[in-house]
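Please consult the sequence and the model shown here.

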Amino acid sequence: MASVAIRDVRKAFGSVNVIHGVNVSIRDGEFVVLVGPSGCGKTTLLRMIAGLENITAGEISIGDRVVNHLPPKERDIAMVFQNYALYPHMTVAENMAFSMRLRGAPKQEIAQRVNRAAGILGLTNLLDRYPRQLSGGQRQRVAMGRAIVRDPQVFLFDEPLSNLDAKLRVQMRTEIKELHQRLKTTTVYVTHDQIEAMTMADKIVVMHDGLVEQIGAPLDLYDRPNNLFVAGFIGSPAMNMINGSIRANGSAVFQAEAGASFAIDTAPRGSDGQPAVFGVRPEHFTLADDGAEMQVQVVEPTGSELQVVAKLGQQDIIAVFRERHQFKPGDKIRLKADPKLAHLFDAQSGQRLDN
């Protein structure tokens with residue numbers, strides 16, 4: 001196992017810059033998720049760690065070695081791809097053993113490692129099958145087994161669950177996390193799915209347009225996003241963003257453009273009249289007689305909770321309740337935001353406003 005250090009890494013394809021000075025420190029044994037929308041640079045960064053893309057500038061270290069100019073086979077990493085990349089003419093055992101056979105490892109050592117990995121992943125009874133005889137989840141386990149057999153310093157996962165159905169994705173998410181807890185191997189995992197990031201990571205790196213927006217533990221990013229992008233990207237349903245301004249004469253309130261007002265815990269110093277964005281997680285709304293009046297548009301019961309879309313002026317507001325209210329489209333409701341859990345962002349820069 002080894003730490004990974006990414007220092008001021010940049011990537012350009014001709015005159016187009018796609019990675020703009022990324023710095024990430026990954027501790028030995030840590031599970032780090034690179035997350036962001038399509039085109040943010042997360043897969044390109046992973047491929048640079050793997051050695052599949054050249055680095056335009058900066059430095060990547062694995063352990064105590066700078067690996068900028070090392071080919072992939074000398075970096076002691078193992079990569080699991082989105083499309084499994086299994087050899088169709090080889091059995092499960094042969095697919096898992098292939099990299100060790102190329103290195104000329106002794107047959108006994110190969111058999112021991114393949115059997116160990118198969119036992120960890122529940123593949124022991126499938127070793128004689130071919131990929132065409134396996135389900136999507138089983139194929140992904142084989143791809144993971146091939147990585148485990150190599151016993152690398154670092155695992156790299158490139159959106160490995162994207163081709164699986166929703167139920168299987170949840171199951172495989174758990175299996176990958178359990179695998180990491182057992183092996184303790186440093187892992188870098190790329191996904192566009194923030195639920196995967198939240199549930200699996202020790203640390204999340206949120207990327208946008210080739211830049212790192214914020215790095216932190218999942219709940220730190222959820223509870224205290226640095227800016228509007230992170231606030232809107234992390235969390236499902238997404239955080240409500242209400243435009244308006246801060247009023248700090250006497251009791252601090254946020255005055256929405258739609259006319260409603262929301263109490264805020266404390267206003268930043270000198271912020272009276274400042275244009276701002278008021279951020280509220282859907283689950284941090286409650287029904288209250290002194291809340292802002294909104295009109296129900298859509299009611300979506302999920303069983304465990306009730307999701308309500310309501311209009312505040314021309315803006316859609318999403319609220320989530322654990323209780324089973326009997327709302328109907330057209331109903332008027334009053335929603336109050338918990339001031340201790342609300343967020344304020346500068347309207348121009350999008351950066352968090354600290355009290």
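The model is predicted. The domain assignment divides the chain into domain 1, spanning 4-231, and domain 2, spanning 237-346. Between the C-alpha centres of domain 1 and domain 2 the distance is 39 Å. Eight residues from domain 1 and seven residues from domain 2 take part in the contact.

The interface is summarised in the following table.

| Property of the interface of domain 1 and domain 2 | Value |
|---|---|
| Buried area | about 640 Å² |
| Share of buried area from carbon and sulfur atoms | 60% |
| Salt bridges | zero |
| Residue pairs in polar contact | three residue pairs |

Which residues of domain 1 lose the most area to domain 2? They are Y222, L228 and A231, which together account for 77% of what the domain 1 side buries.

In terms of secondary structure, two helices, α7 (218-223) and α8 (228-233), each supply at least two residues of the domain 1 side that touches domain 2. The most is given by α7, with three residues. By residue class, this side of domain 1 comprises five nonpolar residues, two polar residues and one charged residue.

Conventions:
Residues are numbered from 1 along each chain as its sequence is written. This is a predicted model: local features need pLDDT of at least 70, side-chain atom pairs count only at pLDDT 80 or more; totals for chains, interfaces and linings use all residues. Side-chain values use heavy atoms; hydrogens and water are left out. Domain bounds come from an automatic or database domain assignment. Contact means heavy atoms within 4.5 Å. Buried area is the accessible area (1.4 Å probe) that two parts lose on being put together, summed over both. A salt bridge is a side-chain nitrogen of Lys or Arg within 4 Å of a carboxyl oxygen of Asp or Glu. A polar contact is a pair of N or O atoms within 3.5 Å; within protein, one must be able to donate a hydrogen and the other to accept it, and residues adjacent in sequence count only if both atoms are side-chain atoms. Helices (H or I, at least four residues) and strands (E, at least two) are DSSP runs, numbered from the N terminus. Ala, Val, Leu, Ile, Met, Phe, Trp, Tyr, Cys and Pro count as nonpolar, Asp, Glu, Lys and Arg as charged, and the others, Gly among them, as polar.
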